[in-house]
Amino acid sequence: MKRIGIMTSGGDAPGMNAAVRAVTRKAEHEGLEAYGINYGFAGLLAGDIFRIDSRTADDIINRGGTILYSARFPEFAQEPVQLKGVEQLKKFGIDAIVVIGGDGSYHGALRLNEHGFNAMGLPGTIDNDIPYTDFTIGFDSALNTAVHAMDNLRDTAASHERTFVVEVMGRNAGDIAMWAAVASAAEDVIIPEKDFDVAEVAAKLKSSRARGQKHAIIVLAEGVMTAAEFADKLKPYGDFQLRATTIGHVQRGGSPTAFDRVLASRMGSYAVELLMEGKGGLAIGIQNNKLVTHNMLDLFDAKHEPEMDVYKVAKELAF
Ligand code: ATP
């Protein structure tokens with residue numbers, strides 16, 4: 001093996017650049033060449049591929065987003081399109097590939113693996129919704145952004161004795177919501193994995209108001225409903241001075257936390273090591289602070305299991 005391709009695909013996440021840097025520098029360290037593929041599988045098809053060296057990958061570890069850009073390209077599910085992608089890899093002399101992204105990106109990576117190019121998947125998504133890894137690249141950064149926003153909201157909530165319903169990202173997974181709820185001492189948290197009862201939330205707000213705390217933060221994962229919809233459901237239960245806020249895409253950007261930079265660097269280096277051993281079709285994860293691999297195929301049948309202990313703590317400490 002001489003040349004490794006690297007792409008970011010699916011939604012962007014802070015820390016993707018740190019992974020790109022790690023793959024590039026580890027490849028060079030091992031006497032290999034790295035090739036950046038812009039715009040995910042769309043760029044692969046278009047041949048938007050360039051030699052990326054340690055200089056190009058300099059000064060990117062601290063940058064959010066992805067210098068390789070990202071694009072949605074559903075056409076890659078079709079075999080003739082995949083075969084054209086394979087032709088491009090051959091044209092550039094690329095022998096193996098690292099794909100940073102979510103579940104969809106892993107499907108694309110596995111197709112390349114089946115067509116004879118060893119492919120490694122790195123979990124890059126803020127939602128933390130990939131099975132067999134405790135953390136995904138980007139989750140910690142997004143979480144910290146959400147918590148910072150909630151700290152600010154608490155100041156204004158306290159000054160005006162308001163209740164903020166705060167919507168955070170998480171389409172299928174409540175990870176950002178429940179971790180943020182603990183870290184920001186939120187009064188309640190609503191996630192897709194758990195049923196909720198609006199009357200109970202209202203009762204909780206009433207009892208804390210009766211005890212003298214007249215402001216509150218309720219964290220809501222976007223997969224449940226919008227903050228405005230949830231506020232509308234709460235309204236009939238009392239005068240809580242409700243405000244609905246959606247933190248939105250700011251969670252996707254910003255400089256990655258040290259945790260995400262280290263995670264991405266470890267995973268990127270490990271991906272190159274595994275490719276050098278001739279392995280492919282694997283998804284890299286971290287479990288109990290050890291790097292692990294699982295067959296990508298196994299991931300597709302598995303479900304992300306959120307750490308429900310965090311949810312329990314969020315609920316128990318908020319009363
Ligand atoms: P996120 O969790 O941020 O949405 P993702 O990787 O799951 O990330 P997708 O948009 O689902 O994001 O997939 C990214 C890209 O992977 C797609 O645009 C497409 O190019 C490729 N892809 C997705 N599904 C498949 C598939 N079944 N076969 C081949 N390629 C796929």
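Biologist: How many salt bridges does the structure hold?

Modeller: A salt bridge is a side-chain nitrogen of Lys or Arg within 4 Å of a carboxyl oxygen of Asp or Glu. This is a predicted model, in which local features need pLDDT of at least 70 and side-chain atom pairs count only at pLDDT 80 or more, while totals for chains, interfaces and linings use all residues. Residues are numbered from 1 along each chain as its sequence is written, and side-chain values use heavy atoms, with hydrogens and water left out. The number of salt bridges in the structure is 15.

Biologist: Which residue meets D12 in a salt bridge?

Modeller: The N to O distance in this pair is 2.9 Å, and the partner of D12 is R252. D12 lies in the loop between strand 1 (3-8) and helix 1 (16-29), and its partner in the loop between strand 9 (242-246) and helix 9 (258-276), so the pair ties together parts that are 240 residues apart in sequence. Helices (H or I, at least four residues) and strands (E, at least two) are DSSP runs, numbered from the N terminus. The residue asked for is R252.

Biologist: Which helix gives the largest share of the shell around the ligand?

Modeller: The ligand is surrounded by 16 residues, each with a heavy atom within 4 Å of it. Five residues of this shell come from the helix that spans residues 103-114. That helix, with the largest share, is helix 4.

Biologist: How far from an oxygen atom of the ligand does a polar side-chain atom of R72 lie?

Modeller: R72 is among the closest residues to the ligand, together with F73, G102, G104 and S105. For its polar side-chain atom, the distance to a ligand oxygen atom is 2.6 Å.

Conventions:
A polar contact is a pair of N or O atoms within 3.5 Å; within protein, one must be able to donate a hydrogen and the other to accept it, and residues adjacent in sequence count only if both atoms are side-chain atoms.
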